[in-house]
Amino acid sequence: MVCMARAVAEEAVRRALSKRAEYGPDIDLSRYRMGRPRVEEGVPGGALLEEARRRVGLDPRGISYFQVGETAFYRAMEASLRRFGVVVKPLRIALEEDERARRIAWSLVPPDKDKYTAAAYLYGGELGYYVYVPPGVKVEQPIYTCLSLFTGGEVQFTHNIVYVDEGAEAHVTTGCMVPHGVKGGLHVGISEFYVARGARLGYTMLHSWAPGIHVRPRTAVRVEEGGEYYSYYAVYSPVESIQSYPVAWLAAGAHAKFTSVVSAEEGGVYDLGGGAVLEGEGATAEIVSRVMARDGASVTARGRIESRVGGTRGHIECLGLLLDSVSRVESVPVISSTAPGAELTHEAAIGSLSEENIAYLEAKGFTEDEARALLLRGFLSVEEPGLPEIVRREVERIVDYIVRNAVG
Amino acid sequence: MLRVEDLHARVAGQEVLRGVDLEVPAGEVHLLLGPNAAGKTTLLSAIMGLPHVEVTRGRVLLGGRDVTHMEPWERARLGLALAFQLPPEFRGVKLGTLLEKVAEKHGSSDMLGEVVDMLRLDGLLEREAFRGFSGGERKRAELAVTLLQRPRAALLDEPDSGVDLESVSLVASAVERLSAGGAAVLVVTHTDFLAGRLGGTAHLLLGGRIAARGPARDLLERIRARGFGGLYGEGGG
């Protein structure tokens, strides 16, 4: 009977292999080579580790999980994590060993959502990481993971699950990248995060891709009563296309904040944002995006907050900055409520750097480039009190990098 | 220290300044008086070299150096400062960041805490610069920027307009601090309070020229007695 049910489900997923995603350019999956998923202990070669340091600022010694193409490397967890019972392991292994992993897997992101989730489900081999933080444990150091394409023309599937148990706290930082010189490829990342009652999960994702690369993350988060989820999502490189729309479901008193900082360039298509569904009384959500477009890039910044009960609050802030006349920014904030007593607001604005601000700063002794850099840095800097200090420094480095590239 | 010679300037093709002569020695505070639309802000903008004002004749000298054709940022780095009447609101740039950057630029980081205390800006540092500030907060913040520039000559455009009495007193203290540091200070004001406290020399701008000058208290009395129009044609005596 169970086998029959799975066969029916798999059939539905197979049908979804031709199902276009709701947003973003459609990609012909048959153009990409699929590798043979495998898991290895240890670490990849030194050159890749150095790339991880250079491109996404991750200290190679601290990376708990590193996936290169369709090969997952995992190192023995650092003693400090193991001591508290924190688990970081390849999902494939976790699905054999851990009931929680099996319970969450594909429960938040349905495998037949679109062709990318379907392909990941059928061919991905469940590579990706699994992180479990036991009840009440507060992990002070960020848990680092890194996902890298390896060669041109391949597809990388990764399926990640993070489970933060009751009252626990953790911060996961994932760097996504391609090594220098890799020009084409597809990254499909499925992420399912479960934040139990009163727990807190911070998630930083740093994307450093390259022209010719398509990226299709699919992320869903469930936050139980009084839990908190905040994400900081930075895209700061050229990319052929990236489309991501993470959604968080929030129980009573839970809070979520999505922050996206996007530097769009070189004709890439960037369709990013996030959504929150306020299911429990007192749930709150914020969706903040800062989008900068230049050199023919096209950006769609989405935000959607839906309230299903009273006593909830949500706010969307989408700010776009257009640095030339051949690029495009579109902002799509949506607030929706079926519950009297919910307070939902949004603010969206698209503009250029203020000439008045530039003239003011020039009168204070700044050259035009210095003035532009100061304004850009201000635009891109979003307050995120939850970021660990070490991650905050990395985020500041990224903002500096974006500003330097944009202003020269 | 600050000298303006026969300055002519246009704004949007319209001649506003028609031969202004003015000198403010180092360490002195001079007032620039005049009715609305007399060209006071245009004069300060022309001295600072702001792009919307086209200087067609004359010179601006800072410490004897001709800065007439320099960019505003070059003038600022040579020690010329303009406190805007209405500084623009900034998005994303906190007041604290702005003050830090200005202090770094002008080598005055050691003064930062003292200036913030003096102008009571502590509660504003984490807010976006000038965004939603009250009149007094805006003026005090702009004066802090000006102080941190450590100017040799400071042009203050109505630093006391739209502010409460307590803020005016702080503004006056800041002006006195500038002059005590050796700066030549030219202040546009409409209020007796600031004029009365600062004293010094006043210049009356009428019809695009300096129509009268003299001790501030005398000139203010004459303006009160005869109105601005009654002083037209007195010349710069």
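This is a predicted model: local features need pLDDT of at least 70, side-chain atom pairs count only at pLDDT 80 or more; totals for chains, interfaces and linings use all residues.

Reply:

Helix H5 (residues 135-148) of chain B packs with helix H6 (residues 165-180) of chain B at an angle of about 10°, and their axes lie 10 Å apart. Angles under 35 degrees count as roughly parallel, so H5(B) is roughly parallel to H6(B).

Which residues make this contact? From H5(B) come Gly136(B), Lys139(B), Arg140(B), Leu143(B) and Leu147(B). From H6(B) come Ser167(B), Leu170(B), Val171(B), Ala174(B), Arg177(B) and Leu178(B). By type, the contact of H5(B) with H6(B) has 6 nonpolar, 2 polar and 3 charged residues.

Now turn to where the chains touch. Chain A brings 16 residues to the contact, and chain B brings 23 residues. On the side of chain A that touches chain B, H7 and H8 of chain A each supply at least two residues. H7(A) gives the most, with 6 residues. The residues of that side of chain A divide into 7 nonpolar, 6 polar and 3 charged.

Helix H7 of chain A covers residues 355-363. Its buried residues are Asn357(A), Ile358(A), Tyr360(A), Leu361(A), Glu362(A) and Ala363(A). What do they pack against? In chain A, the buried residues of H7(A) pack against helix H8 (368-380). In chain B, they pack against helix H1 (40-48), helix H2 (72-78) and strand E6 (80-83). Following H7(A) is Gly365(A), which has a positive phi, near 105°.

How values were computed: Residues are numbered from 1 along each chain as its sequence is written. Chains are lettered from A and ligands numbered from 1 in the order in which they are written. A residue is buried if 20 or more other C-beta atoms lie within 10 Å of its own, exposed if 12 or fewer, and partly exposed in between; C-beta atoms are placed from the backbone. Helices (H or I, at least four residues) and strands (E, at least two) are DSSP runs, numbered from the N terminus. Two residues are in contact if their C-beta atoms, placed from the backbone, lie within 7 Å. Ala, Val, Leu, Ile, Met, Phe, Trp, Tyr, Cys and Pro count as nonpolar, Asp, Glu, Lys and Arg as charged, and the others, Gly among them, as polar. Axes are lines fitted to C-alpha atoms, for helices over the stretch in contact, and angles run from 0 to 180 degrees between N-to-C directions. Angles under 35 degrees count as roughly parallel, over 145 as roughly antiparallel, 65 to 115 as roughly perpendicular and the rest as oblique.
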